[in-house]
Amino acid sequence: MDNKHKRSNHSLVATITLFIVSCFVLLLLKELTLQSVMMLALVPGGFYFLSTFIPQKFSVDGLLLTLVNFLCCIGIIVLYRMNPQYGVNQAINFLAGFLAMILCMLGIRYIEAFKLFRIPFTMACIAVMLAPVLIGKEIHGAKAWLTLGRFSVQPSELVKVGLVLVNGYLLSKRKLLVSITFSAIMLLLLLLQKDMGTALLYYAVALMMMYVSTGSLSFFLAGVVGATGTVVVGYQLLKRIGFAHLSRRVTAWLSPWHTYQDEGYQTVQSLLAIVNGGLFGLGLGAGNASNIPVREADSIFPFMVNEFGMIFGVCLILIYTVIFVRGIGIALRARQKFFSLIALGCSVFIGFQVFVIIGGNINLIPITGVTLPFISYGGTSLLSSLCIVGVLQGVEWVNRTQMALDARMAYCRED
Amino acid sequence: MKRLRQTIRKVVLMIVGLLLLLIVFGAVSVTTQGNRWFSSAANTYLRDRKTAAIPGSILDRRGVVLASTDDEGRRTYHPDEKVRKACVHVVGDRENNVGFGAESFMANYLYGFNTPYIRQVVAMLRGEKLLGNHVMLSIDGEVSAKIANVFPQGKKGAVVVMNYQTGEIIALLSFPNFDPDNITYTIKNDPARPFWNNATRWLSAPGSTFKVVTLASTLRNMKGCQERLFKCTGVIDFKSNQMRDANQVVHGVITLRDAFKESCNVTFGNLALELGDRKLKRTAKAFGIGDHFLFSDLVVENSSYPKNARTNKQLAWTGVGQDALALTPMHMCMIASAVANDGVMMEPKLLLKAVDENGKVRADLEPHTVKKPLSKEEADIISDFMREAILSGTGMKANVPGQRICGKTGSAQVDGQAETNAWFIGFIDEESIPYAICVAVMDVGGGGLVAAPVAGEIFKILFDFQ
């Protein structure tokens, strides 16, 4: 049975490889350079290698890994089409992120060490989050960036895994209050960075982890109602004391078409990109979504729908759903509360982040500066998303090791 | 651990639900509003596309060409300036100055976006230009021009004529209008906003024409109201202001029928107070006030009923069509058409058909019911009252001898205007000439004096064309 499973996965990998090859051939026809030839050779090859080799070496979820690699490669393709330099950079980011993913996997496999470093680790998380508040740089209205020489880093992305690990550890030890305090500090620091989208994400993940560990629905509902109330009251207050970019975003959300030249510009351009693309899209390289602001990061989804079509957009959301459900499957198979909780936190991070950003793109909720996991341009974002997958795969590795052990013991008993 | 897993399953439902919500929300908004987005002025892509396709012609219901593309690719409009001006808000213009004219709102057909994908690709590869569909509209260019002729010169306002059985719009005019072949700097900067379509996008209090809705609510909620005698003392006194009848008339003891035909404010103000805000609002809602209009062929602003928690004064004024009521002339025409059509309100339609270059019909008119605000009995009573208003009431000037015309006048007071806005809604109660009309003229005086005579002339034009 296991063998059969592997073979079906193999045909998926082959199909995706073909897709990536044809995309790069198309891009190559548009502009024949040495760079595009190299990309044509390296990206599909790299995808094929990483999606088949890693599941052989490590006992991890092959489908999850394949889909994640697929999304990353789509990101590289789309970014390469926008600006070849972005594509090359993103490919390098992907490689670095993949290494980080393997490190995270190993880290989870040998997690015992973490318990020794838990207090310094927690402190480090807080320190890293505090840094942009003190010495940060403001981009798109949020003060969430640190510049180190040539590089810009978004600490809130890096700390995602930290939030999951620390909360998972505390909650598995039934230290709910400490966990709430830690999450509240994180949230406060994010609010000081004026990064609403990420704050919402952190809140949702922490709340879900606490809900699962306590099993109390009233706790969860109180959390949802409390957050909604805080947002409504806070919005009225903050509007008066200098969160101008926040209130602009709400205006843009409620009536984008009345303000399509200023506040609503991003939303309107996103919606236009989607309807102009139609069901089947205008074709890779033939799109007309060049007006969308931050199309390489926040608005990459409408840009892709414009070129690949709405059906592709729906498929993309479904792929994310599958990734989320696979992650939850890992959480359900885990034997210890700690592993189950961190796998859950990681899955929710991916699933909810997709909701927040695509929901913003299609004007279901106000637009925030959250990235689309695995696809958006940006080293930190890709790195953190891949680390999250690394944690998931690490838990799966532990699960499979334990299951193999059980099977061997059952075999011995029968003997 | 078992409990933990159960809770995890609930989390799965929530997050998967949110992700599926994205798909559902996206699909619903694209299907209901996609065409509005696509054809909006914000879409610069549309302009690019105009170079890649040869747009089809726009015809009126008789097949007269209102807009077409000549051999050099230039867009030309009807040769007669009067017809051009009368149809401009429906047809649109080259530069998309009119927000949602057919030139942009029907771009899907005109620019061949509905051409099968394969053919689009083939045309692109061959380097040929796509041929768009020809679009036949339900309006009548000649009738429109004649209507423009009888509208008070130099005044702002709107006229809508629609077939109440099918919803086809025969004429839709907004004043001031402009000539699409001669758009000057003065027109672009005119404070009267000639580009703005007053028929579909001007929201205002409709004055006494709204009494049709108050009457409908009374018939529905008050038993024996037709036999009852009302007392008009000439005034309802509120602390801050007084509601009086036009020309300080005191009607004394009066039936509902006479109160309607004389347009007695005091009786209808008292009726609104007796009905209460909730019932009046429910009837208004049944007529589509407060609904989100998403018609397939044209963009109409949403009408609104004033917000809750109101004083008696505001409620009484709402009953006579004042206060914060906001309706478009298009919507008032739809209300008249619902009365005419036995209580069934049809969706206004502009597109009769779209035909591709091979003569194949790509889209056809399909009459569609929006709402059913009235029962047949209620509609008959209201028609009868409206007939009375034409024969011996405020709407006498709209009468055309020998024809069954029904109508209601309105004079809406608006802050900051010297004169009232003159309104008239009505219809021809005849199966073979099924037209409902709405006339609105801004800042000119009473509905009976200004709008009703215009309506009479329009009715004559409509008879002549049958």
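The model is predicted, so local features need pLDDT of at least 70 and side-chain atom pairs count only at pLDDT 80 or more, while totals for chains, interfaces and linings use all residues. Residues are numbered from 1 along each chain as its sequence is written, with chains lettered from A and ligands numbered from 1 in the order in which they are written.

**Two helices in chain A**
- Helix 7 (residues 155-172) and helix 9 (residues 196-214) of chain A pack at about 15 degrees, their axes 10 Å apart; axes are lines fitted to C-alpha atoms over the stretch in contact, and angles run from 0 to 180 degrees between N-to-C directions.
- That makes helix 7 of chain A roughly parallel to helix 9 of chain A (angles under 35 degrees count as that).
- Helices here are DSSP runs of H or I, at least four residues, and strands are runs of E, at least two, numbered from the N terminus.

**Where the chains touch**
- The contact takes 36 residues from chain A and 28 residues from chain B (in contact means C-beta atoms, placed from the backbone, within 7 Å).
- On the side of chain B that touches chain A, helix 1 of chain B gives the most, with 20 residues.

**The sheet**
- Chain A has an open sheet of 3 strands in the order 1-2-3, with antiparallel pairing (two strands pair if DSSP finds at least two bridges between them).
- Its edge strands are strand 1 (137-139) and strand 3 (151-153) of chain A, each pairing on one side only.
- Strand 1 of chain A is joined to strand 2 (residues 142-148) of chain A by 2 bridges.
- Lys137(A) sits opposite Trp145(A) in strand 2 of chain A.

Key:
Angles under 35 degrees count as roughly parallel, over 145 as roughly antiparallel, 65 to 115 as roughly perpendicular and the rest as oblique. Two residues are in contact if their C-beta atoms, placed from the backbone, lie within 7 Å.
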